[in-house]
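This report describes a two-chain model for a reader who has not seen it before. Please look over the sequence and the structure first.

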Amino acid sequence: MKLVFKLAAALLAGTFLGLFLTFITVVRPLTSGGIANGTWRTNLANGNAAADPYTRARVALHGPLALNRSETIYYTATLDSDGERLDGRCIYQVSGHDPDARWWSITAYGPKGHLIRNPASRYSVSKTSIARDANGEFTVRVGGTEAGANWIPLTPGRISLNLRLYNPGPLVSLDPAHATLPAITRVTCP
Amino acid sequence: MSEYLRQRWRWIGLTMLVALLVHLGTVYAIPRIVMGRVMRPMGPPNTIRFGGRPSAGQRGVARPSPDMLYASCRFDLSKGPLLITASVPHSTYWSVSAFDSATNNFFVRNDRQVTGDSLEVILMRHGQPQTPVTAPEHAIVFAPTRTGVVLFRTVIDDEKNLPALTALLHQDRCKTTTPPR
C-alpha cells in the first residue's frame, strides 16, 4: 500500500513538474528567445520546419500559421522603451520611419492574442494607411482618445504589439537585430 | 539532507523522469493539438473556406492580421492530390502558403513570384500518382504530412479596394483531383 502511494505521488509530482516546465518555457513567454531589436523581438525560425521544438510550440500557441522569414518577419513587443510592460490603461507613442519592407503593419493585441474590441473597429496602422510628416516620419498614438489616422485604441489589460514586415528588404532580413524599427514610448499612465 | 536524498533517490529519479517525459511530450504535442483546433472550424477537408477580414469578435486563430483577407483550405491528401487554383491581385501583397500538421510552413508563393493572373498548385504526397497541370503557371508541391492547411492571404492596401479584392479571393478553389490510372 505504501509502495502504491509513493508511486502515485511520484507520478503526480512528475506530471505537475513537467506541465509547469512547459508552462514557463512555452505557454507563458510570448517573446522569449530569438533576436532583440530595442524593445522588439523576433524569432527567425518562425514557421520553419528547422525550428527547435520550443519555438515551434510557442509560435503554435501565440501566432500559428506564421510565414517563414523569407516571406515575412514578425516582431513582437510586450515592453515599452523603458522596459515597462505594455498596459492597455496607458497611452503610448510609436514613432519612426518606414521599416525596410514591401508592406508593413503594427497591430495591438489583448492578453490572449485577440484583437482589442473598440467602437471604431481600429486595430492597426499600416504602410498604406498611416500619415507621415514632411520628413517621412510617423507618430502613432496607441491608447487614449482618437487621434486621426494614426491611432490604435486600447482597453485596460495586458497588451502587446506586433510589427509585421511582408517581403522584408535587405536592411531587415540581413540584420534584423539592428534594422531601424519604430520606437515605443510611454506618454502617460494612470 | 544527503541521507534523506540517499534514501529516496529512486523516487526522486522517477519523479524527474516523469517530469521530463511530460514536459517533452507536451512541447511535442502542442503544435499538433493547436493545428487540430485551427483546422476544425475550417469545415470539411479539401474545400475552400472564405474567412474574410478578422475582427475583435472572432476568437479563432491567435494574432490574426486585421489588414488581411483570408481564405483557408484544410487538406487531407488520403483521397488523392489537391488542386489549388488562385487568382492573383498584382496591386497588393498576396500569397498562398501551406502548413503541415505540426504548423510548419512548407510552401509559399506571393504575387511577385507569379507573372500571370492565376496560379495552379498541385499538393501531393510522395508516391502519389501525378496529376496533370493545366495552368501555364503552376507548382507541384510535396506535403510532408497527410493533413494540413493552405492559407490564402491578401493585404487590404486601401479600403476602397476591399470589394474587388474580396471578389477576387472568392474565385480561389481547392479540391481533390483524381489522377489518371
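B:R146 counts as exposed because it has 12 C-beta neighbours inside 10 Å; a residue is exposed if 12 or fewer other C-beta atoms lie within 10 Å of its own, buried if 20 or more do, and partly exposed in between, with C-beta atoms placed from the backbone. The model is predicted, so local features need pLDDT of at least 70 and side-chain atom pairs count only at pLDDT 80 or more, while totals for chains, interfaces and linings use all residues. Residues are numbered from 1 along each chain as its sequence is written, and chains are lettered from A and ligands numbered from 1 in the order in which they are written.

B:R146 sits in the loop between β7 (138-142) and β8 (147-155) of chain B. Helices (H or I, at least four residues) and strands (E, at least two) are DSSP runs, numbered from the N terminus. Leaving aside neighbours within four places in sequence, B:R146 is in contact with B:D76, B:L77, B:S78 and B:R125; two residues are in contact if their C-beta atoms, placed from the backbone, lie within 7 Å. The C-alpha atoms of B:R146 and B:F75 are separated by 7.8 Å, although these residues are 71 residues apart along the chain.

A:R85 is found in the loop between β3 (72-77) and β4 (91-96) of chain A. Not counting residues up to four places away in sequence, A:R85 touches A:T78, A:L79 and A:R158. From A:R85 to A:L161, 76 residues apart along the chain, the C-alpha separation is 11 Å.

## The two chains

| Chain | Span of the C-alpha trace |
|---|---|
| Chain A | about 80 × 40 × 30 Å |
| Chain B | about 75 × 45 × 30 Å |

Chain A contains 3 helices and 10 strands, and from the N terminus on its elements run α-β-β-α-β-β-β-β-β-β-β-α-β. Of the 190 residues in chain A, 42% are buried. Among the contacts in chain A with a separation of 6 or more, 70% are between residues 24 or more positions apart.

Chain B has 2 helices and 9 strands, in the sequence pattern α-β-β-β-β-β-β-β-β-α-β. Buried residues make up 38% of the 181 residues of chain B. Contacts between residues at least 6 apart in sequence in chain B join residues at least 24 apart in 66% of cases. Chain B has a radius of gyration of 22 Å, whereas a compact globule of 181 residues would have one near 16 Å; the radius is taken over C-alpha atoms, and the globule rule is 2.2 Å times the number of residues to the power 0.38.

In the contact between the chains, 50 residues of chain A meet 44 residues of chain B. The elements that give two or more residues to the chain A side are α1 (2-27), α2 (53-62), β5 (101-109), β6 (124-126) and β9 (160-168). Of these, α1(A) gives the most, with 12 residues. The chain A side has 24 nonpolar, 19 polar and 7 charged residues; Ala, Val, Leu, Ile, Met, Phe, Trp, Tyr, Cys and Pro count as nonpolar, Asp, Glu, Lys and Arg as charged, and the others, Gly among them, as polar.

The 26 residues of α1(A) should span 38 Å at 1.5 Å a residue, and the end C-alpha atoms of α1(A) are 36 Å apart, which agrees. The expected span of a helix is 1.5 Å times one less than its number of residues. The buried residues of α1(A) are A:A10, A:G14, A:G18, A:T22 and A:V26, and what covers them includes α2 of chain A together with α1 of chain B.

α2(A) is mostly covered, with 8 of its 10 residues buried. Among them are A:R56, A:R58 and A:H62. The buried residues of α2(A) pack against α1 of chain A together with α1 (2-39) of chain B.

## Core and confidence

The largest nonpolar core has 79 residues, and those with the most contacts inside it are A:A108, A:L163, B:I84, B:L123 and B:V150. A nonpolar core is a set of buried Ala, Val, Leu, Ile, Met, Phe, Trp, Tyr and Cys residues joined through C-beta atoms within 7 Å. B:I84 touches B:C73, B:V96, B:V121, B:L123, B:V150 and B:C174, not counting residues up to four places away in sequence.

Chain B averages a pLDDT of 89, and 96% of the residues score at least 70; pLDDT is the predictor's confidence in each residue, from 0 to 100. For the complex, the predictor gives an ipTM of 0.85 and a pTM of 0.87.
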